[in-house]
Amino acid sequence: MNSVPTLHTERCTLSAIAQSDIPVLRQILDDAETKRFLPELCEEFSTTESLQQFIASFDKYLLHDEGILWGIRKEDMLIGFIAIMDISSNPTLFYAMHPYYRNNGYMKECLKRTLHFLKKNDTIKNLQTEVFIDNFISRCLLNNVGFNLQMIENQKTYYQYY
């Protein structure tokens, strides 16, 4: 893939994340709930410079069909993201929503659209993700969009989508 495909849902658009989106990404990663449930990501990308590198890395992954980073937009405002990495070897999903836009069904809508796109284009055969046991909302979300629980270990639940 040379560019991030633009996807549309009933209420959102999924498109490439640009350097100009860093202030909103910073708000998402600085949020207490995001820090609680994505601590490794938040620690790794704690500065503006590291977020610039994060975006640049996904630009490189995209060129080699190894990863894709979609920004979730509502009326051209970035409200969250969906990322898939290690596509050829171990496709792994992670995502986050801006705190002001949570609990409105946006992530469910966008994940369904993303999974439909991946399946339709035969991009991946399966997709995995992991969430903390106490992240009830993500666990319900993953179940609702078709992920299957694989195992529970060390305070995390592991899911697979076929």
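Trainee: Which residues are buried in helix H6?

Mentor: This is a predicted model, and in its helix H6, residues 136–144, the buried residues are Ser 138, Leu 141 and Leu 142. They cover an arc of only 95° around the axis, and therefore they sit on the same side of H6. An α-helix has 3.6 residues a turn, so residues three or four places apart point the same way.

Trainee: Which residues meet where H1 and H4 are in contact, and how do they divide by kind?

Mentor: On the H1 side they are Ile 22, Leu 25, Arg 26 and Leu 29, and on the H4 side Thr 48, Leu 51, Gln 52 and Ile 55. The residues of this contact divide into 5 nonpolar, 2 polar and 1 charged.

Trainee: Why is Cys 12 called buried?

Mentor: Its relative accessible area is 2%, and because buried means under 20%, Cys 12 qualifies. Cys 12 lies in the loop between strand S1 (7–8) and strand S2 (13–16). Leaving aside neighbours within four places in sequence, its contacts are Leu 7, Ile 72, Arg 73, Ile 79, Tyr 106, Glu 109 and Cys 110. From C-alpha to C-alpha, Cys 12 and Leu 78 are 9.8 Å apart in space, although 66 residues separate them in sequence.

Trainee: How do you know that Lys 156 and Glu 40 form a salt bridge?

Mentor: The closest N and O atoms of Lys 156 and Glu 40 are 3.5 Å apart, and since the rule asks for a side-chain nitrogen of Lys or Arg within 4 Å of a carboxyl oxygen of Asp or Glu, the pair counts as a salt bridge. The pair links distant parts of the chain, with Lys 156 in strand S8 and Glu 40 in helix H3 (residues 39–44), 116 residues apart.

Trainee: Are Lys 156 and Glu 40 buried, partly exposed or exposed?

Mentor: Lys 156 is buried, because its relative accessible area is 12%, whereas Glu 40, at 47%, is partly exposed; the latter class lies between under 20% and over 50%.

Trainee: Which side chain meets that of Glu 130 in a salt bridge?

Mentor: The partner is Lys 156, at 2.6 Å from N to O. This pair also links distant parts of the chain, Glu 130 in strand S6 and Lys 156 in strand S8, 26 residues apart. With a relative accessible area of 39%, Glu 130 is partly exposed. Elsewhere, salt bridges that share partners join Glu 33, Arg 36 and Asp 134 into one network.

Trainee: How many salt bridges does the rule give?

Mentor: The count comes to 9, and one of them is between Asp 122 and Lys 125, at 2.8 Å from N to O. Lys 125 is called exposed because its relative accessible area is 61%, and exposed means over 50%.

How values were computed: Residues numbered from 1 in each chain as written. Predicted model: local features only at pLDDT ≥ 70, side-chain atom pairs only at ≥ 80, totals over all residues. Heavy atoms only, no water. Buried < 20%, exposed > 50% of the residue type's maximum accessible area, 1.4 Å probe, protein only. Helix = DSSP H or I, 4+ residues; strand = E, 2+ residues; numbered from the N terminus. Arc of directions from axis to C-beta. Contact = heavy atoms within 4.5 Å. Nonpolar A, V, L, I, M, F, W, Y, C, P; charged D, E, K, R; others polar.
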